[in-house]
Amino acid sequence: MEKDFQVVVTGASGFVAKNVRKYLSDENIKIISISRRNFKKFKNETKIISRNYDEKIILPKIKNSNGLIHLVGIGKQSIKNDYNLINVKFTKKIINLCKKAKVKKFIYTSGLGVSKSSSLGYFISKYRAEKLIIESDLDYTIFRPSYIVGKDDPFTKLLKKQIKKGEIQIPGSGNYSIQPIYINDVSKIILKSLTDIKFKKQILDLVGSESISFQNYVKLFSRKTQTKLKKINLESAYHDAITKPGNQFGVEDLNLLIGDFKGDHKKLKKISQISFLSIRELLDTRKLF
Ligand SMILES: NC(=O)c1ccc[n+]([C@@H]2O[C@H](COP(=O)([O-])OP(=O)(O)OC[C@H]3O[C@@H](n4cnc5c(N)ncnc54)[C@H](OP(=O)(O)O)[C@@H]3O)[C@@H](O)[C@H]2O)c1
């Protein structure tokens with residue numbers, strides 16, 4: 001890697017960003033991290049706090065960076081922040097910043113299941129963001145992640161909280177599948193994608209080696225505890241998701257689960273040449289606890 005290799009990260013205080021920044025810092029890479037609010041910085045890191053990602057503040061600092069990892073995104077809408085505003089228009093703003101600053105590479109995390117025939121609002125916004133990136137003339141890698149899991153992701157935190165209470169709730173049958181990928185593997189892949197030509201202009205599913213039913217994942221996750229698994233009626237789950245803000249499952253969470261999306265791990269493995277942690281290894285080595 002060239003000396004003074006410099007990477008910009010947006011949405012710095014989010015789950016993926018925090019972990020990726022820590023990884024890049026440990027690898028002695030210079031990082032410029034942007035957030036709307038203050039956060040603790042790592043070694044080799046420059047902080048930019050800007051509520052509206054003010055171009056005047058950001059542009060001079062990110063000039064000629066080797067890459068930008070765009071991790072701003074929402075999976076839940078509100079009156080103030082909807083998918084079009086944050087997932088599409090905000091991405092457009094960051095693309096323009098990259099062009100002006102002559103940033104060499106754009107990394108984006110879209111979503112597993114996004115395609116040109118997407119019908120969900122969330123997926124449509126991610127698809128439009130992908131399209132803006134592809135048409136931007138920037139070099140890019142677009143990742144479509146399933147659940148990215150670590151010690152501090154919302155899904156893992158929810159399971160740990162439910163275990164404490166003695167009961168994990170499973171919406172519907174629990175037979176729909178997920179394909180979790182470990183955050184450290186994600187961080188490794190993201191760094192590789194910044195430097196390795198094989199990632200140039202690629203769209204890759206960011207998924208673990210195994211697709212597993214939600215029910216079986218939860219069983220494995222809680223196997224050393226006395227936790228009861230309780231299936232909840234899907235209609236009630238959606239009703240709570242629609243009527244109770246802050247409910248454990250949002251509407252989009254349920255949509256993504258029921259969507260039962262599966263990704264192409266083989267392609268990711270072939271391009272990245274990384275040896276991934278399997279779900280069992282992840283859980284046996286207590287990396288999520
Ligand atoms: N985690 C997963 O399993 C997963 C799966 C599929 C796709 N993804 C995608 O990967 C990206 C990162 O995910 P994550 O899990 O790290 O999400 P996250 O923890 O919610 O972080 C997203 C970050 O986006 C920034 N943000 C949110 N609303 C904003 C707004 N109105 N204006 C400006 N910035 C805003 C925030 O950064 P600041 O607070 O620092 O400003 C926030 O921390 C997202 O695009 C997500 O859709 C994640």
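The model is predicted, so local features need pLDDT of at least 70 and side-chain atom pairs count only at pLDDT 80 or more, whereas totals for chains, interfaces and linings use all residues. Residues are numbered from 1 along each chain as its sequence is written, and side-chain values use heavy atoms, with hydrogens and water left out.

Seven strands make up an open sheet with parallel pairing, in the order S3-S2-S1-S4-S5-S6-S11. Strands (E, at least two residues) and helices (H or I, at least four) are DSSP runs numbered from the N terminus, and two strands pair if DSSP finds at least two bridges between them. Strand S3 (45-49) and strand S11 (202-206) are the edge strands, each pairing on one side only. Strand S2 (residues 30-35) runs parallel to S3 and is joined to S3 by five bridges; Ile32 stands opposite Thr46 in S3.

Helix H10 (residues 265-272) lies across strand S6 (139-145) and S11, at about 115° to S11. Contact means heavy atoms within 4.5 Å; axes are lines fitted to C-alpha atoms, for helices over the stretch in contact, with angles from 0 to 180 degrees between N-to-C directions.

The lining of the second largest pocket includes Glu2, Phe5, Asn66 and Asp139. On a 1 Å grid over the protein atoms alone, a pocket is an open set of points where a 1.4 Å probe fits, with protein on both sides within 12 Å along at least five of seven lines, and lining residues have an atom within 4 Å of a point. Helix H6 (residues 183-195) gives the most to this lining, with three residues.
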